[in-house]
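Student: I have a protein model open and would like to learn how its parts get their labels. Could we go through it together?

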Amino acid sequence: MSIVVTGATGALGRLVVEHLLATVPASEVAAVVRDREKAAALAARGVELRIADYDRPETLADAFHAGDRVLLISGNQVGSRVAQHTAVIDAAKAAGVAQLAYTGILGGPDADFLLADEHKATEQLILDSGLPYTFLRNGWYTENQTENLAPVLEHGAVVASAGDGRIAYATRDDYAAAAAAVLTGEGHLNRAYELSGDTALSYADYAALVAKATGKEIAHNDVPAAVHQEILTGAGLPEGFAAILVDVDQAVRRGRLAGTSGDLARLIGRPTTPVADTVAAAVAAR
């Protein structure tokens, strides 16, 4: 039996592997990756590499073994994820894995925004498969904001269309620690966790944190959804992706990403990382 992480060289996957290696021997960890060379550092530490690609179902036949505990990290190609995830689920079922954990989205079947559609479909596919599951319904990543500071600092404003809606941010590392906890612990089968930060902040709150960290005046400019769409496409984002981001803001306005269930802090055994700390680190790294 191994603990298997798909997408193990991605932004979230590599953090999950780090948390696993701090908990269990490397010989018990397997990384499903597309590029062996990219994962060479993991192999050097004793992690087993299993080469496979979500888009090539035939490569997944040897990715999982009977009794494995598997983390399916959702693909990052919006519009292609249901087919990709189906291939992984089918391979996991054929292998007879003992657990299939999946990184979905906060709210699960109740999430009523475009970005949630493929996650909801994937959860249903997992349920239909009959596999023992754990649903890790991740909320919004703090890094979704802090990795896009350049336009905020250039224009001195956080532009959004969410009104006073709030987001319970948590960091990738917080979510990675939770994933590692359910893969190494007991009592997590056939359960769903609503994962989010301990405190929900508005965009105005976020702008104030950036202002404090930079010592600059940072405004919060709330604009209509149509204007927000024009701003994003004008900045070079594809129209479809811009529409998804604007739709997320409308979900924020409705309170869909503000939940603070406490599940994340309980799983990781500590408070979630304060947004102020992540903002300050991002500003210092610039």
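Tutor: Gladly! Keep in mind that this is a predicted model. Let's begin with Thr142, which has a relative accessible area of 1%.

Student: Is Thr142 called buried or exposed, and why?

Tutor: Buried means under 20% relative accessible area. Thr142 has 1%, so Thr142 is buried.

Student: Where does Thr142 lie, and what is in contact with it, leaving aside its neighbours within four places in sequence?

Tutor: Thr142 lies in the loop between S6 and helix H5 (143–146). With those neighbours set aside, its contacts are Tyr169, Ala170, Thr171, Val275 and Thr278.

Student: What makes Arg172 buried, too?

Tutor: Arg172 has a relative accessible area of 16%, so Arg172 counts as buried. Arg172 belongs to helix H7. Beyond its neighbours within four places in sequence, Arg172 touches residues including Ala11, Leu12, Tyr141 and Glu147.

Student: Which strands does helix H7 lie across?

Tutor: Helix H7 (residues 172–184) lies across S1, S4, strand S5 (99–105), strand S6 (133–138) and S9. Helix H7 runs at about 155 degrees to S4.

Student: What is the order of the strands in the open sheet?

Tutor: The seven strands follow the order S3-S2-S1-S4-S5-S6-S9, with parallel pairing.

Student: Why do we say that S3 and S9 stand at the edges?

Tutor: Strand S3 (48–51) and strand S9 (191–195) each have a single partner strand, so one side of each has no neighbour in the sheet. From one strand to the next, the twist averages 20 degrees.

Student: How do you know that S1 and S4 are paired?

Tutor: Pairing needs at least two bridges between the strands. Strand S1 (residues 3–6) and strand S4 (residues 69–72) are joined by three bridges, so they pass that test, and they run parallel. In one of them, Ile3 has Arg69 in S4 as its bridge partner. Helix H1 (residues 13–21) packs on the sheet, touching S1, strand S2 (29–33) and S4.

Student: And why is Ile231 called partly exposed?

Tutor: Partly exposed covers values between the 20% cut-off for buried and the 50% cut-off for exposed. Ile231 has 38% relative accessibility, so Ile231 is partly exposed. Ile231 is found in helix H9 (residues 225–234).

Student: What kind of surface patch does Ile231 form with Val159 and Val227?

Tutor: A nonpolar patch, and together the three have about 190 Å² of accessible area.

Key
Residues are numbered from 1 along each chain as its sequence is written. This is a predicted model: local features need pLDDT of at least 70, side-chain atom pairs count only at pLDDT 80 or more; totals for chains, interfaces and linings use all residues. Side-chain values use heavy atoms; hydrogens and water are left out. Patches are made of residues with over 30% relative accessible area and no salt bridge: like charges are joined within 9 Å, nonpolar side chains (Val, Leu, Ile, Met, Phe, Trp, Tyr) within 5 Å. Accessible areas come from the Shrake-Rupley method with a 1.4 Å probe; for residues, only the protein chains shown count as cover. A salt bridge is a side-chain nitrogen of Lys or Arg within 4 Å of a carboxyl oxygen of Asp or Glu. Helices (H or I, at least four residues) and strands (E, at least two) are DSSP runs, numbered from the N terminus. Buried means under 20% relative accessible area, exposed over 50%, partly exposed in between (1.4 Å probe, protein chains only). Axes are lines fitted to C-alpha atoms, for helices over the stretch in contact, and angles run from 0 to 180 degrees between N-to-C directions. Contact means heavy atoms within 4.5 Å.
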